[in-house]
Amino acid sequence: MLFDQFYLQSLGHASYLVGDEKTGQALIFDPRRDVGNYLDTAREHGLRIAYACDSHGHNDYLSGLTEVAQHTEAQLWGSAAGDLSYQHRPLQDGQVIEIGDVGIEVMHTPGHTPEHISLLVYDRSVSADIPVLLLSGGALLVGDLARPDLLGGEEQARDAAREFCETIQHKLLPLPDHVEVFPTHVAGSLCGGNIGSRLSTSVGYERRTNAILAEVDSTDGFVRECIRLDNLPAVPPYWRRMRSQNLEGVDPLGTLAEPPALSLEQFDRHRESGAPVLDTRAPEAFGGSHVPGSLNVGIGSAFATWAGTVLPEDTPVLLVLDRPSDLWEVTWQLLRIGYPAPLGWLRGGVSTWRTSGRPIAAIPQITVHELEERLERGDVHLLDVRQPAEWANGHAPGATHITGAELPGRLDDVDDSKPVAVACGSGYRSSVAASLLARAGHSSIVNVAGGMTAWNHAKLPIQDE
């Protein structure tokens, strides 16, 4: 048996290749939309990708199932409990599929979603009846479970958590301790509240250390722990669009054209026609000068989450890049979450815009000491855009809390009777939020450099209620 894990930090996503040397066939599990890595790995091992499967209808990214099928003619699998519109082989709970020396047992593991399946994998060349690993999707994570609250209101989340409890008790905990667990949602994913940094775990380790599993004997306690909203990250707006597309079958991308380098005049014409400008530079560079009305989402590990938070749905964007070599990284990050390829990027970057004599905008960066002084004088409002758990662990006195994920729908809740200082953990998310506020017409915005990390290091006052 051959096995490979593919980790995508920007989405906290892992996908997998399971191959059989005897038949030369391979399965891809929970693929992302850019499938080149799977094709390269299969080719390197002399394998043919014969099957592809999703554990569930994902909320956080667009599946690569249809891309895999288009490039390889692989047979698609899917949960028999799911309402799937694409052509697939439905998999039943308890079904066993043999691929040479690789045995795959299907486990219906609802909780994160109703149709969720996990795959228990056997290496028959070693043992006919002892499983070697579990492709767990969101059923069991490193130190956590995937959240059950994404598909409805509080009562539906409670029902899902109760179902999750049954999954844990009757499907997962009976597995042998030695079984290695490879989740789809890993470090960086917002599908859990406390996912550990390792990319795999084992049933035995989770049995002994996973705090949520410790509550499994008490269904009520388990349900409460599963849907603690103060422990779960806020849901980015773009997640509402992903699941339905994945259940229907994502339209294949086809041949992608290179997003062009645009002259200043071409760029400005698109901008004047309403195309949003996405500036992917660091907060400090963006704060110093930028094209008026730009949204700032710096390229990095959180880019996809925050681009999907602030960009309008289905809208092709104009890019301002730090380096032309960033173009395809940014483009793929947008494509993975359902945005079209960019209209193009500004040739020469902000320097070209600045030297043209066109208007420029800026968002001042202030230190935490300056912020404290201004708060004491009462001449600034402080907006904290961190996640609920971060806020609960301590915040600056007098701050208002609106998570970055909620902010696009709550712009009118921001009091701009005074200048608004925006803070997060480090200054990255607050720069995203500050650019969104500025684009919406809030005229006096400052970004807190270093955020609450700097505030804490400076030993400034903290309030935890």
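## Exercises on a predicted model

The buried residues of helix H12 are covered by elements that include strand S18 (365–366), strand S19 (381–384), strand S21 (420–423), strand S22 (445–448) and helix H15 (451–457). The model is predicted.

### Exercise 1: Helix H12

Task: Find which residues of H12 are buried, and work out why they line one face of the helix.

Solution. 
- Start with the range. H12 spans residues 368–377, and its buried residues are Val 368, Leu 371, Glu 372 and Arg 374.
- Look down the axis. The buried residues of H12 fall within an arc of 170 degrees, so they line one face.
- Recall the helix geometry. An α-helix has 3.6 residues a turn, so residues three or four places apart point the same way.
- Turn to the face directed away from the buried side. Glu 376 and Arg 377 are exposed there.
- Step just past the helix. Gly 378 has a positive phi of about 75 degrees.

### Exercise 2: Cysteines

Solution. 
- Check the surroundings. Cys 53 is buried at 0% relative accessibility. Cys 191 is buried too, at 1%.

### Exercise 3: Strands S4, S5 and S6

Task: Trace how S5 pairs with S4 and with S6.

Solution. 
- Take S4 (residues 48–53) to begin. S4 pairs with S5 in the parallel sense over three bridges. Tyr 51 faces Gln 75 in S5.
- Follow the chain. S4, helix H2 (residues 65–72) and S5 form a right-handed β-α-β unit.
- Move to the next partner. S5 runs parallel to strand S6 (residues 89–91), joined by three bridges. Ser 79 stands opposite Leu 91 in S6.
- Four of the five residues of S5 (residues 75–79) are buried.

### Exercise 4: The six-stranded sheet

Task: Give the strand order of the open sheet, and name the strands that stand at its edges.

Solution. 
- Read off the order. It is S7-S8-S9-S10-S11-S12, with mixed pairing.
- Find the edges. S7 (96–99) and S12 (201–202) each have a single partner strand, so one side of each lacks a neighbour in the sheet.
- Inspect one pair. S8 (residues 102–108) and S9 (residues 117–123) run antiparallel, joined by seven bridges. Gly 103 stands opposite Tyr 122 in S9.

Conventions: Residues are numbered from 1 along each chain as its sequence is written. This is a predicted model: local features need pLDDT of at least 70, side-chain atom pairs count only at pLDDT 80 or more; totals for chains, interfaces and linings use all residues. Side-chain values use heavy atoms; hydrogens and water are left out. Buried means under 20% relative accessible area, exposed over 50%, partly exposed in between (1.4 Å probe, protein chains only). Two strands pair if DSSP finds at least two bridges between them. Helices (H or I, at least four residues) and strands (E, at least two) are DSSP runs, numbered from the N terminus. A crossover is right-handed if, with the strands pointing away from the viewer, the path from the first strand over the helix to the second runs clockwise. The arc is that of the directions from the helix axis to the C-beta atoms. Contact means heavy atoms within 4.5 Å.
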